[in-house]
Amino acid sequence: MSNLAKIERDPNYQELVRRRSSLGWLLSAIMLFIYFGFILLVAYAPKFLGIPLGGGVTTIGIPIGLSVIVLAFVLTGIYVRQANSSYDLLIRKIVEENRS
Amino acid sequence: MKRFAWLSVILLASVPTIALAAGAVEGGSKQAINWSAIGMFVGFVGLTLAITYWAAKRTASAADFYSAGGGITGFQNGLAIAGDYMSAASFLGISGLVYTSGYDGLIYSVGWLVGWPIVTFLIAEQLRNLGKFTFADVTSFRLGQTEIRILAACGSLVTVAFYLIAQMVGAGKLIQLLFGLDYWIAVVLVGGLMMIYVTFGGMKATTWVQIIKAVLLLAGATFMAGAVLYKFGFSPEALFTKATEVHPKKLAIMEPGSLISNPLSAISLGLALMFGTAGLPHILMRFFTVKDAQAARKSVFYATGFIGYFYILTFIIGFGAITLVSTDAMFLDGSILEKTKSGIAAIKGGSNMAAIHLANAVGGNLFLGFISAVAFATILAVVSGLALAGASSISHDLYGMVIKGGNANEQDEIRVSKIATLVLGVLAIFLGIVFENQNVAFMVGLAFAIAASCNFPVLVMSIFWKGLTTRGAVVGGFLGLVSAVVGVVLSPAVWEVTLGFAKGSAPIKLDNPALFSMAIAFAGIWLVSILDRSKRAAVDRDGFDAQYVRSQTGIGAASATAH
């Protein structure tokens, strides 16, 4: 238990938790906002999604729908990049410092 | 090992003969026997059985059986997750939906993808750090083992059962059409192969079946979408122009149509798809096959990319089918005089066959055979993952942890899971045959609703909320489970279509119950937990800090065992 208290007091641990939680919840909120924004458009403004782009038959709904898919991937990428570059480093430090 | 070899030989040898016999007797509604499809399918089965043989020799411990010894890399696991998740229902179903309704198909594709980022941000790493074989390892980390394991097993088994029945019925129908096999033979074949993969090869064989299937499916879909775009000079605008010319609904296929009429229903379905993904036991189990949290995180990233790419392809494939299949009399079903609901010409085997016929249109008979074999491989990969998750829940959670109190002999536990796989396989075959002529479309939605309303709330609250108690999790979880099932039974899809009550008489107007069943689950968990003054509740809350440190840092996490 003393080891647990030691880790909890470790500034690296506190930084890890603070940064990971804030990014994780922020990105989750963005994803929810994007997806339910799309669903609400589909439900309440289908005609908006049917506006043609530049005189052709392709509607604005096509790039909007596809960009939800692409953004889901991009957001995942942002998290993974952040985690690979900084969280793993912090975790390694925490593990080394608290090896008993 | 000898038993395994014999089984494989018999199974392999019997495929063409059964096909021949079935085709000779019947015919009619079924397709003519497709030899190139059968050839490629036999090739796939032969390859996967060889892998199963290889895996069986390397599967000795419980860790090998449940989690492939933790020796799968992040990239491999990303492919395997994609292979586990991209079901024939989503491949054929979404392209078929695009074929009949255009844009509406894209709404489904989006819904099926958006759960993955949530899994990455909130669940994947924590799951790997806290668990070993099943997601119940995580939910029961600091809570009462017995109660939570039983809850998780109920949630898992009910989810797996509905998902499995839907897959079996779909498989039977599909194979009947593609290979000219009788329905029951197709169901027995799928169930039989699934039992062989899982009982002999465990997670190792299942993983490789899923990886091979993912590669084949991605390659096949890429070729098909590429061929469609090639015909239109790689201009999506030209493809859409032609599609709006030949589709009876004209420009209406380029915007949301009648699929989503009730906004609340749309939101409810969206919730089920998004959070259900994060509660599917066979998907969650995949995170234990990699060596650490870092690899788990990478694997979801790859999986999200593969799945997103695949859904974009299915959209192109659906539009390709509108332009190339609906205009070619060879693919149309002349015996059906009235058209489909949207007005587009009915195709042989129903609109779910749109992608299959398109394969023929762009690549001829040989490519048709390839895509048919891939569709079969897809079903096998998904049902194997489901069976393994169900069996693990029985052997690890119920037998190992509840009945034996965590002191089960490893070999006994593996034996129980093999027996459980056989029981599940036989049950799946039986239910697949029973439900042959039932409308099972609601079952996948139900599986997602249960995963979102029982497994997901308990999992996410156990990881993040210190105040969660055993009593709160059990009460809230079961409330979510029950309200999801009741909500589906009282919904129009089951009340009016399956049970045959008058149209408009369904007590609940939502097609998917997630909106209220998730709310009930979270509210139940929260309320019962804060009111819980029991001794156990104090232990539950005290355990949180240690769990949280481990979930964040991985210190003390189950390590990879085999290489």
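Begin by selecting chain B, where residues 24 or more positions apart account for 83% of the contacts with a separation of 6 or more, a contact being two residues whose C-beta atoms, placed from the backbone, lie within 7 Å. This is a predicted model, in which local features need pLDDT of at least 70 and side-chain atom pairs count only at pLDDT 80 or more, while totals for chains, interfaces and linings use all residues. Residues are numbered from 1 along each chain as its sequence is written, and chains are lettered from A and ligands numbered from 1 in the order in which they are written.

With the whole of chain B in view, colour by secondary structure to see 22 helices and zero strands, which are DSSP runs numbered from the N terminus (helices H or I, at least four residues; strands E, at least two). Its C-alpha atoms fill a box of roughly 70 × 55 × 45 Å along the principal axes.

Next, turn to the interior. Buried residues make up 63% of the 563 residues in chain B, where buried means that 20 or more other C-beta atoms lie within 10 Å of the residue's own, exposed means 12 or fewer, and partly exposed is in between. Select B:Leu358, one of the residues that touch the most other members of the largest nonpolar core, which has 239 residues; such a core is a set of buried Ala, Val, Leu, Ile, Met, Phe, Trp, Tyr and Cys residues joined through C-beta atoms within 7 Å. Helix H15 (residues 354-403) of chain B gives the most to this core, with 28 residues. Leaving aside residues up to four places away in sequence, B:Leu358 touches B:Met224, B:Ile317, B:Gly320, B:Ala321, B:Leu324 and B:Val325.

Now move to two loops. B:Phe234, between helix H10 (183-231) and helix H11 (236-246) of chain B, has a positive phi near 55 degrees and is exposed, with 11 other C-beta atoms within 10 Å. B:Lys250, in the loop between H11 and helix H12 (263-277) of chain B, has a positive phi near 50 degrees and is partly exposed, with 13 other C-beta atoms within 10 Å. Most residues other than glycine have a negative phi.

Finally, show chain A as well: 45 residues of chain B are in contact with 42 residues of chain A. The largest share of the chain B side, ten residues, comes from H14(B).
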